Amino acid sequence: MASVTLNKVQKDYGSLNVLQAVDLEIADGEFVVLVGPSGCGKSTLLRMIAGLEEVSAGEIRIGERVVNDVAPKDRDIAMVFQSYALYPHMNVASNMGFSLTLRKAEKNAIDTRVNGAASRLGLDKLLARLPRQLSGGQRQRVAMGRAIVRDPKVFLFDEPLSNLDAKLRVHMRTEIKALHQQLKTTSVYVTHDQVEAMTMADRIVVMHDGVVQQVGAPLDLYDRPANAFVAGFIGSPGMNFLPATIRRTDADVAAILADGQRLPMLASLPVADGDEVSIGLRPEHMRVAADGDISVQVEVVEPLGLSTQFYAKLAGQQVCVFAMGRVSVKPGDMVRLSASAADLHVFDPKSGQRVG
């Protein structure tokens, strides 16, 4: 196993800069997830670690070795792709052991490693099957097994669950996390799905337009997003944003919404009377309450059984409210909501940076 260090890593395609001076330290044995929307540069960064893309500037280290000019096969990494990339004419055992065969490893050693990986992944009874005889989840396990048998210093995952259905994705992300807990191999995982990131990562790297926006533990990013982009990307359903004006008096501090409604705020926030701000409020932090501070009109209701999600109009904008249990509301209803001042996030409306 080994750490991975990125120092001012940059990627240009001609005059187009797609990654801007990325600094990142991934500790030995850590599971780090790169997350962001399509085109943010996360897969490009992963491919640069793998050696499949050249580094335009900066330095990549695996362990103590600078690998900028090291061929992919010599970096001691294993990669799991979005497409399973299995050889259709080879059975499961041959697919999993192929890299060792190319290295001319002894057959007994290959068999031992393949059987060990198959046991971990529940593939023991499938070793003689061809890829076409497997389900999508089984094929993805084979692709993971092929990476495991190499016993690499670093695992790289490039959106490995994107081709699976929703139920299987939940199952496979649990398997990948459990596998990492067993192997404790340094892992870098790319996804656009923030739920995958939140549930799997030791730390998350949020990217946007080639720039790292924030790095931290999942709940740290959820509780204190550095800017409005991170706040809106991390969390499901996404955060609501409302323009407001600060009113600070000797008695209290409040955010005045566009329709005049008030949201009480913490007096300790570094805001002054008259400041224009963007208030961030997560759907799960808005509670239906008869004595709530704000009033909304319900537009759409989504009963989920265990919980109820509904969309409503507040200060001229649509907001999402997520409530545990079954809430008796219907379209057209006027509902009062409360929100704790401690749950409000405040951002600068121009820069998007966190104010408090």
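A contact here means heavy atoms within 4.5 Å. The model on screen is predicted, so local features need pLDDT of at least 70 and side-chain atom pairs count only at pLDDT 80 or more, while totals for chains, interfaces and linings use all residues. Residues are numbered from 1 along each chain as its sequence is written, and side-chain values use heavy atoms, with hydrogens and water left out.

**The whole chain**

Start with everything selected. The C-alpha atoms fill a box of roughly 80 × 45 × 35 Å along the principal axes. Colour by secondary structure to see eight helices and 20 strands; helices (H or I, at least four residues) and strands (E, at least two) are DSSP runs, numbered from the N terminus. Of the 356 residues, 48% count as buried. Buried means under 20% relative accessible area, exposed over 50%, and partly exposed in between, with a 1.4 Å probe and protein chains only. Among contacts with a separation of 6 or more, 65% are made by residues 24 or more positions apart.

**Residues 4-234**

Select residues 4-234 next. An unreviewed UniProt entry lists this span as "domain: ABC transporter"; UniProt positions are given in the numbering used here, feature names are shortened, and such annotations may be inferred rather than shown by experiment. The span is 37% helix and 26% strand, and its end C-alpha atoms lie 24 Å apart.

**The sheet E2-E1-E4-E5**

Within that stretch, show the four strands of an open antiparallel sheet, ordered E2-E1-E4-E5. Two strands pair if DSSP finds at least two bridges between them. E2 (16-26) and E5 (65-66) stand at the edges with a single partner strand each, so one side of each has no neighbour in the sheet. E4 (residues 57-62) is joined to E5 by two bridges, and the two run antiparallel. Zoom in on Arg61 to find Val66 of E5 opposite.

H1 covers residues 42-50, and seven of its nine residues are buried. Those seven are Lys42, Thr44, Leu45, Leu46, Met48, Ile49 and Ala50. After H1 comes Gly51, with a positive phi near 90 degrees.

Move to E7 (residues 154-158). Is E7 enclosed or open to the outside? Five of its five residues are buried, so the strand is largely enclosed by the rest of the structure. In a regular strand the side chains alternate between the two faces of the sheet. In E7, Val154, Leu156 and Asp158 point one way, and Phe155 and Phe157 the other.

E7 runs parallel to E6 (residues 77-80), joined by four bridges, and Met79 has Leu156 as its bridge partner. Five bridges join E7 to E8 (residues 186-191), also in parallel, and there Val154 is paired with Thr186.

**Two nonpolar cores**

A nonpolar core is a set of buried Ala, Val, Leu, Ile, Met, Phe, Trp, Tyr and Cys residues joined through side-chain atoms within 4.5 Å. The largest has 43 residues, of which Met96, Met144, Ile176 and Tyr189 touch the most other members. Pick Met144: leaving out residues up to four places away in sequence, it touches Val80, Leu121, Phe157, Met172, Ile176 and Leu179. Another core, of 29 residues, lies apart from that one and includes Leu269, Ile294, Val319 and Leu344.

**The sheet E13-E12-E11-E14-E20**

Next, select five strands that form an open antiparallel sheet in the order E13-E12-E11-E14-E20. At its edges are E13 (262-265) and E20 (345-347), each with a single partner strand, so one side of each is left without a neighbour in the sheet. From one strand to the next, the twist averages 40 degrees. E12 (residues 253-257) and E13 share four bridges, and Ile256 faces Arg262 of E13.

Follow the chain from E13 towards E14 (276-281), and Gly274 is in the loop between them. At 36% relative accessibility, Gly274 is partly exposed. Which residues is Gly274 in contact with, leaving aside neighbours within four places in sequence? They are Thr245, Ile246 and Arg247. Draw a distance from Gly274 to His192: their C-alpha atoms are separated by 38 Å.

**Cysteines**

Finish with Cys40, buried at 2% relative accessibility, and Cys320, buried at 5%. The structure holds zero disulfides, a disulfide being a pair of cysteine sulfur atoms within 2.5 Å.

Methods: Axes fitted to C-alpha atoms, helices over the stretch in contact; angles between N-to-C directions.
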